[in-house]
Amino acid sequence: MHRRTKKHGSCCNHQGVMKMQRIRILASYLVLLLMIGQVGQVSTSGRVSNFGLPTQTTESPANGASKNLVQVALIERTRPQNLFDFNNDGTLEILGFCEGNDTITILRYEETTLQVVGSIDTSLNDIRELAAGNVDGDPAYEIVVAKDFNIDMERTIEIYEVEADFSMTHEHTIAPPGGSSGNGHLAVGDTDGDNVDEVLFTQAVSDHGMHGIIDYEEGSFVVEFSLEHGSGYGMVATTSDLDQNGVHEAFFGFGYASAKNGDVDIYNYSEGTYQLIQTLNLGRDPEFSPQTGDSNNDGIIDLPMGSNVAFSKYLRILQFNGVDYEFVEDGPNNGDTWVQPTVGDLDGDGYDESVYGHEISNPNPNALDVYQVTSGNFELETTIGPETGYEYFWRPRIGDITGDGIDDLVFTGETSTTVDTFAYAINSTSPNQPPTSPHFIDMPNSTTENSLNVEWNESTDSDGIVRAYELQMDDSSSFPTPQVFETEKTTHRISKLENGTYYFRVRSVDDEGMVSIWSDRHITVVGIPADAVPPALTITHKEDIYTIPNATIAWNEPKVSPGWSVDYEAELAENSNFTLNREKHYSSGTNITLRYLTEGTYYFKVRARVNGSIYGPWSETESFFVYLSGITIVGPEDFFILDTTTNTSVSWTVISEYMFNYNIYVDTLLAESSDNKLSNITFLLPKLAIGQHNITLEITDLAGCKFVDSVQVRVVQNVGGVTISLAFYGGIIFVIAVICMYMSKLRRKGKWENLFVSSALGIASISRSRLLG
């Protein structure tokens, strides 16, 4: 029976296995069909459109949301050049061109795809570069076109006007000076403050190069400024208002074949002419960002620039320091590639990211790196592409093309045969966004005080709660060994600073442990005069024990320079390292009364503070005790003993939480004493004379207070074993005698005699028992 049952079970298992195999075969067919359908979708265009491209993310801390960038659109055979709001609706369009037929296109993001909303066939020979702005002062915007290499043809700049419906018409042709040229670059911006954009141009051939500015005046374009400077391949131009005066500066960069190789010339418009105000050198091949922003998040507008030194390219950040222009940050070496940087807030947290090229392998392909730059640190958030088949991902542009209020990333994907436009946006459905980064508020650049109150604004979190802030301080700008302060508040005071330079940065942490990017780095130089720091104080008055809930403590007054104000900061705690129930107290005088204290031991220290901020060292720590409870004594009643009684003792119950001392007196003579007692007390009576004695207990508590209890002991003589006190019992005997006489008259003599004797013996017995205690 057992074997048959076992065999039946085996058959069931076999049938189950066969059933599972059939299910797996059917599932395999379904997966195969899905894969075939997917391949069919991909092969219809030759490349995947509107699918996410592979990204290489680092395992760096979760700073910002740029690592959640995802592809939102792709359109083929179009090279993006600029982002511009042609119809003034707050959403940017993409200005580009098709290299194959020189068609200018305006792309707009609509319903998850890029749509061509405007185009014009220029019939030009090799478009080099496009820019947009208002160059002729009319209500419409213009597209400015520069040609590519063509030495055999005269160089011209073509201008097309864009209507409200994105239709375009050719409007102007400008012939810049210098004759035939090639490798033209241009930029558009208001460089003279007349609210009409100027056109910056460069042109270069083998034997001469030229750069200049063209302005629209009284119905025609005129060359307002130009300069020839010898050979000039690789020249670039841009405009930016780095000095924040409302008028753009003009920037010209000179490439490796130029007589000014590596130079950046900066021009300002002043008193009706353009003046060269400064020349900087990058080493080789400047590449300007098409946009300005706050690349290193230090609160100052800057211009990212690509640089090439010994064929190693990296990012440099140009700022105006109030007097001159200077490079303030250098990014990592990204290999021999086209850096072509740009800047913008890709994750909507109020802080900019920098995007620039990255050479993955020599000589290609080329990818795009997204960096968050804070406090001099370049933190790589993500690397985008390139997808298989593309040689380059480059020419990035940043701006809001999707209309969600957050900047998007637009760039060129290039193969050996075609050029495509990619658009990336932040993934709004990504889990748990980090909190926004805080900014310092009213931080001084220098101080003569040895303490500093560091304050920042409150961070926000779109999908959580800001739990705490991490503040770092270091004497190095790279924060290799920082002091770390964690707080839930938006302010923190740092004391005991020594003379030197201190660097600060802060970030927020949410309830799921996500951290924001670091704030802008702040530098404070501490220079404290030698005579400014007050000396250590000495506590001059303090009781060891206080029997009320208030404690008054005093200290000496320090010597400081005349005219300086002095107050005092004190700390009170219940342990000597001031970590248990610590309280801060402030006083304008040299004493303080600490009130509402409970019973226990306290520790106290005090220091002087000059002018409200310069702290001296702490005094020595002193301790005191608050004693409020007292002592309770419960003693015996008065009693009698016989003069022959021995080993009689007196006991007291003492109720006290602390040690005490006591003395016991027999009458006025000290009979016993003890220190540090914490228990009940029993005293063995000595031999006492007949008569009355006082046994007195005197207790002294730790505050010096005395508590007294006294017991009366009467010693009487022992007479024949039955001793009574007539003074006490005489009345009782007299009453019994009267009763007996009355009974005698009733002729009951025998009965009253017996009653008398019995009563007397009873009284004597009671008396003896009481005397014996």
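Author: What follows is a set of questions about labels, each answered from a value and a definition.

Author: This is a predicted model, in which local features need pLDDT of at least 70 and side-chain atom pairs count only at pLDDT 80 or more, while totals for chains, interfaces and linings use all residues. Residues are numbered from 1 along each chain as its sequence is written, and side-chain values use heavy atoms, with hydrogens and water left out.

Reader: Why is cysteine 98 called buried, and why is cysteine 705 called partly exposed?

Author: Buried means under 20% relative accessible area, exposed means over 50%, and partly exposed lies in between (1.4 Å probe, protein chains only). Cysteine 98 has 15% relative accessibility and therefore counts as buried, whereas cysteine 705, at 35%, counts as partly exposed. Of the 773 residues of the protein chain, 48% count as buried.

Reader: How many disulfides does the rule give?

Author: The rule asks for a pair of cysteine sulfur atoms within 2.5 Å, and the count by this rule comes to zero.

Reader: What makes up the secondary structure of the protein chain?

Author: The protein chain has three helices and 53 strands, where helices (H or I, at least four residues) and strands (E, at least two) are DSSP runs, numbered from the N terminus.

Reader: Which residues have the most contacts inside the largest nonpolar core?

Author: A nonpolar core is a set of buried Ala, Val, Leu, Ile, Met, Phe, Trp, Tyr and Cys residues joined through side-chain atoms within 4.5 Å. The largest one has 23 residues, and those with the most contacts inside it are Trp652, Ile664, Ile681, Ile695, Leu697, Ile699 and Val713. Among the elements that give two or more residues to this core are strand S48 (649-655), strand S52 (691-700) and strand S53 (706-716), while S49 gives the most, with four residues. Leucine 697 touches, among others and not counting residues up to four places away in sequence, Trp652, Ile664, Ile681 and Phe707, a contact being heavy atoms within 4.5 Å. A second, separate core of 19 residues includes Phe440, Met443, Phe485 and Ile494.

Reader: What makes arginine 79 and glutamate 414 a salt bridge?

Author: A salt bridge is a side-chain nitrogen of Lys or Arg within 4 Å of a carboxyl oxygen of Asp or Glu. In the pair of arginine 79 and glutamate 414 the closest N and O atoms are 3.4 Å apart, and by this rule the count comes to 14 salt bridges. Arginine 79 lies in strand S3 (residues 79-84) and glutamate 414 in strand S28 (residues 408-414), so the pair ties together parts that are 335 residues apart in sequence. Both arginine 79 and glutamate 414 are buried.

Reader: Which salt-bridge partner does lysine 584 have, and why is lysine 584 called partly exposed?

Author: Lysine 584 forms a salt bridge with glutamate 571, with the closest N and O atoms 2.6 Å apart. The pair links distant parts of the chain, lysine 584 being in strand S41 (residues 583-587) and glutamate 571 in strand S40 (residues 566-573), 13 residues apart. Lysine 584 has 40% relative accessibility and so counts as partly exposed, whereas glutamate 571, with a relative accessible area of 4%, is buried. Salt bridges that share partners join Glu569, Glu571, Arg582, Lys584, Lys605 and Arg607 into one network.
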